[in-house]
Amino acid sequence: MRHFSRAAYLISGALILTTILWIAGRIEVGFGPELWPWLAPSQIAMLLSFTCAALALLAVVRAQALEPLFGGLDQGIRIHRRLGLWAFLLMIAHVVLLLLDALSKGISAGVILVPFWSDEARTIDILAFYILIGLGLFAYERRMRHERWLALHRLIGLLFLIGTAHAAMEQSTIRSYEPLRIWIIILLLAGAASWFYRVFLFNTFGPRYRYGVEHATTRGSDVVDLVLRPIDRRMMYQPGTFAFVRTPTLSAHRRELHPFSISSSPVERDLRFSVRQVGDFTRALPSLAKGDEVEIFGPFGGFTPLRFAPYRRMVWIGAGIGITPFLGMLNFEVSNRDFRRIWFYYITRTPEDAVYDEEIRARFLKADSLIDYTQWTTADRGRLSAARIAEDIGLDDYAVMLCGSSAFVDDMAAQFHRLGVPHQRIILEELQFR
Ligand SMILES: Cc1cc2nc3c(=O)[nH]c(=O)nc-3n(C[C@H](O)[C@H](O)[C@H](O)COP(=O)(O)OP(=O)(O)OC[C@H]3O[C@@H](n4cnc5c(N)ncnc54)[C@H](O)[C@@H]3O)c2cc1C
């Protein structure tokens, strides 16, 4: 997949450049004996950690112009998670190496690990390190309310930028070698601008469309169809993408932005989101009245068959509410003159949970593409496996689009990969950012 390689090129290119510039800097300044065996790797670890952190911020900037770099915002979030983890691990490696360096030179561990230990201790850096570790652990906290988690999570980016920039600037290599200094400043500006745009500017300057509520109708026990009509501009989008929804009239939630896949077709005037009620915001949606204004920010994401034009045989698998992007894609297929062969699976626990089954059955035969549709209920048929799907298809040159919870998507992707489907033919969308 082209955009995956773009992200891979960008990340590996940035990491290699950082390392080369450090080596070039040391060649100019000199590789003194004090650098070995611990101090040199410790410096590199910190610079690489900072590079990862700056790129992690860039990956989730929510700027449509940058989406192709990372393969869409949804892929950007996955990349952000990995880069964020690497930034933390490298930062810890930096401190461990510094500690080993101090011990090898007979300096007390307290100078490296304990704030206010002595005049030599870099108290601000040590405190920033512990705060970052604490905040980093919060990134994996699943029970905290999303808005609180997000506020804490945003602090990580800010502290990382300030802390690492401060620590890095004190390093003699950066101070004395201008190309490395300029590169670090570029990374710092990219990271800081991404953070500032996302936290302060997105709500005002992001791609925003005003819509009015047509209706918010309940389907089954816990799903709501939110149907919206444009007030002025209509948002154009690719089927399968998602947008952030803000509801200024729900006062308890008026500042929140919630991502939802679009379940209508771009050829339709009305925009539809199909929402499973899981928490306070989604449960409040049915109280929206006709005409209430809703702000839509988007579209975002790379989960759209239009981006994968060469793949003519596709498997679409939506589990539970993970069916939503496929509803938009199927609705679009009805008017899309772009023949493909598609095997479409809608997985739910029981038949009653399959609230979009009727809609899909009414449409899939009308599509220009040839679609085989299966509604799979796990309560009576057990889990659907990749091996079973491969048997249905019979051929091996197909691409798979998967949408659902992270656990489902990861498990299915691993199964298809074990069957020999290459990574670039497995296209994922998780319905969660955390
Ligand atoms: C790309 C993407 C597409 C999605 N598409 C759909 C969809 O089509 N239909 C659907 O029902 N759900 C979808 N979701 C999930 C949906 O965003 C959450 O269920 C919703 O935001 C929960 O809000 P809540 O306050 O009701 O629940 P809460 O109880 O507050 O949260 C439940 C879960 O949703 C996550 N969440 C809560 N608020 C946000 C937020 N502002 N931003 C991101 N995640 C949040 C939480 O981390 C938690 O895991 C999608 C999520 C993503 C990331």
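This is a predicted model: local features need pLDDT of at least 70, side-chain atom pairs count only at pLDDT 80 or more; totals for chains, interfaces and linings use all residues.

Trainee: What is the omega of the peptide bond from Gly298 to Pro299?

Mentor: Most peptide bonds are trans. The bond that leads from Gly298 into Pro299 is cis instead, and its omega is near -5 degrees.

Trainee: Which residue does a cis peptide bond join to Pro37?

Mentor: Pro37 has its place in the loop between α1 (2-29) and α2 (39-59). The cis peptide bond there has an omega of about 0 degrees, and the residue joined to Pro37 is Trp36.

Trainee: Is Arg62 buried or exposed?

Mentor: Arg62 sits in the loop between α2 and α3 (67-70), and although Arg62 is not a glycine, its phi is positive, at about 65 degrees. To place a residue we look at its relative accessible area, where under 20% means buried and over 50% means exposed. For Arg62 the value is 8%, and therefore this residue is buried.

Trainee: And Phe116, is that residue buried or exposed?

Mentor: Phe116 belongs to the loop between α5 (110-113) and α6 (123-138), and it too has a positive phi, of about 60 degrees, without being a glycine. Its relative accessible area is 67%, so Phe116 is exposed.

Trainee: Which backbone nitrogen lies 3.0 Å from a polar atom of the side chain of Ser369?

Mentor: Ser369 is found in the loop between α12 (357-363) and β9 (370-377), and with a relative accessible area of 3% this serine is buried. Leaving out residues up to four places away in sequence, Ser369 touches Glu333, Asp338, Phe339, Arg340 and Ile342. Its side chain reaches the backbone oxygen of Asp338 at 3.4 Å, while the backbone nitrogen at 3.0 Å is that of Arg340.

Trainee: How far apart are the C-alpha atoms of Arg254 and Glu34?

Mentor: Arg254 is in the loop between β3 (242-246) and β4 (258-261), where its relative accessible area of 40% makes it partly exposed. Not counting residues up to four places away in sequence, Arg254 touches Arg246, Thr247 and Pro248. Glu34 is 220 residues from Arg254 along the chain, and their C-alpha atoms are separated by 56 Å.

Trainee: Which element gives the largest share of the shell around the ligand?

Mentor: Several elements, α7 (146-169), β4, β5 (271-276) and α10 (280-284), each supply at least two residues of that shell. Of the 22 residues around the ligand, those that come nearest are Leu257, His258, Pro259, Arg276 and Thr282. The largest share, four residues, comes from β4.

Trainee: To finish, what percentage of the residues in the chain is buried?

Mentor: The chain has 15 helices and eleven strands, and its C-alpha trace spans about 75 × 50 × 40 Å along the principal axes. Of its 434 residues, the buried ones make up 53%.

Note on methods:
Residues are numbered from 1 along each chain as its sequence is written. Side-chain values use heavy atoms; hydrogens and water are left out. Buried means under 20% relative accessible area, exposed over 50%, partly exposed in between (1.4 Å probe, protein chains only). Contact means heavy atoms within 4.5 Å. A residue is near a molecule or strand if one of its heavy atoms lies within 4 Å of it. A polar contact is a pair of N or O atoms within 3.5 Å; within protein, one must be able to donate a hydrogen and the other to accept it, and residues adjacent in sequence count only if both atoms are side-chain atoms.
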